Structures are given as structure tokens and as C-alpha cells.
Amino acid sequence: NKGNVKATGSGRARIKLDPIVGPLVYCDVEVAKVDPTFVSIPSSLTVYVGETEPLSASLYPSNATATLTWYSQNKNVATVSSGRVTGVDEGSTVVYVKTNNGLTSNDCKVNVYYRKATSISLDNTSFILPVGDSKKLKYSFAPSHARVSVRWTSSNPSVVSVSNDGTLTALKTGGASITATTDNGL
């Protein structure tokens, strides 16, 4: 209402002033797209396998606009799409972005790690195993994309032995408690 003009996108517009007294007055305005002269992203990012973290690009000047295309040097470690980095496997890679006017950002070193387990449970909590029979116990853990190694122990190995893969063998009559312990102590 005060005649201030603000550009909201590139293109052409006609502004019309209809005074109470006098003829209509027009002003043709062309808003030009501002191409960036520089693009920047953070220099490092930590992501966990199976999880996604945002990565933002800053364009200069601040009123510049561009179409961005994201790249990961090693898609076996991390992928990137629309500035969202997803951890694929443990390791390091470099992510960068290019603008549609040919600029390339600085590199962002992405470090991908596995989360540690926060819980573990066994598929059986009690059962009877005849002497001479074997049964393999299975475990599950959370989060499901954590990396876990498990150490198996028997409270009475002369009655029930347990192998490194969780296979139990009943050696003689009696009872035993079998424990699966994760590498981080669960």
C-alpha cells in the first residue's frame, strides 16, 4: 500500500497504481535470478549406520538461488540425497555439492559408525534339553542396526556346554544358566 516493491521470485510483473484522481499509472518490473558466486557446506559430519543426518549448503550472496546436486565419493559408506546423508557402513567418505551454474563446494568429511547395543534378549528363557541333544540359541538386540559381538557362557559347563555361536549341548543331567554378553557389557 505504500509502494514498496519486494521481489519474491524471478520473472516479470506489472504494478498498477489507480489513484483516486487521475489516470492509471503502470510500472513494469523484471526480477532477475541471482546466481551464487560461492557455495559452502560444513567440513565434517558424523552419521551412524542406518541413520540419516541433514547437511545444509550456504549460497553466497545470501539472495542467490540454485539447483543443488549432492555427491558422495563412496556410496558404500554413505549416500546423500537432497542434503540428507545416510550411513551405509562404517568408514569415512567425502560429500560435496555442485550448483547448476558450475560451482563446487568444499569437501565435508563424513565419518560413519555403528551404534552400540542398548539391549539384548534371547529367543528362549527356559527349556528342557535331553542329554546328547543340541540347540542353538538366538539373540536379538536394539537398536537393530547396531554392531554387536556376543560372548556365550554356561554357569555349569560340565552339564551344558555352549559354543561361540550359541549352540548348546546337553552333556549330562542337571541344570545351567546360559548367558550372552555383548562386547559393551550387556
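**Aromatic pairs, cores and sheets**

Tyr-71 is partly exposed, with a relative accessible area of 32%; partly exposed lies between buried (under 20% relative accessible area) and exposed (over 50%), taken with a 1.4 Å probe on protein chains only. The model is predicted, so local features need pLDDT of at least 70 and side-chain atom pairs count only at pLDDT 80 or more, whereas totals for chains, interfaces and linings use all residues. Residues are numbered from 1 along each chain as its sequence is written, and side-chain values use heavy atoms, without hydrogens or water. The points below cover aromatic rings, nonpolar cores and sheets.

**Aromatic rings**

- The whole structure contains four aromatic pairs, a pair being rings of Phe, Tyr or Trp (its six-membered ring) with centres within 6.5 Å, called stacked under 30 degrees between planes, edge-to-face over 60 and tilted otherwise.
- One of these pairs joins Tyr-71 and Tyr-96 in a stacked arrangement, with 5.2 Å from centre to centre and 15° between the planes.
- This pair links distant parts of the chain, since Tyr-71 belongs to strand E7 (residues 68-72) and Tyr-96 to strand E10 (residues 91-99), 25 residues apart; strands (E, at least two residues) are DSSP runs numbered from the N terminus.
- Tyr-96 counts as buried, at 19% relative accessibility.
- Tyr-139 and Phe-141 form a tilted pair, because their planes stand at 35° and their ring centres are 6.1 Å apart.
- Tyr-139 is partly exposed, with a relative accessible area of 32%, and Phe-141 also counts as partly exposed, at 24%.
- Together with Trp-152, Tyr-139 and Phe-141 make up one aromatic cluster.

**Nonpolar cores**

- The largest nonpolar core comprises 18 residues; such a core is a set of buried Ala, Val, Leu, Ile, Met, Phe, Trp, Tyr and Cys residues joined through side-chain atoms within 4.5 Å.
- Leu-45, Leu-55, Trp-70, Val-85 and Val-110 have the most contacts inside this core.
- Two or more residues of this core come from each of strand E4 (44-48), strand E8 (78-81), E10 and strand E11 (108-113).
- E11 contributes the most to this core, namely three residues.
- Leu-55 touches Ile-41, Pro-42, Leu-45, Trp-70, Gly-83, Val-85, Val-95 and Cys-108, where residues up to four places away in sequence are not counted and contact means heavy atoms within 4.5 Å.
- Another core, of 12 residues, lies apart from the largest one and includes Leu-137, Ala-146, Val-159 and Ile-178.

**Sheets**

- Strands E5, E9 and E8, in the order E5-E9-E8, form an open sheet of three strands with antiparallel pairing; two strands pair if DSSP finds at least two bridges between them.
- Four bridges join E8 to strand E9 (residues 84-87) in the antiparallel sense.
- Ala-78 has Gly-87 in E9 as its bridge partner.
- Val-160 stands opposite Ala-170 of E17.
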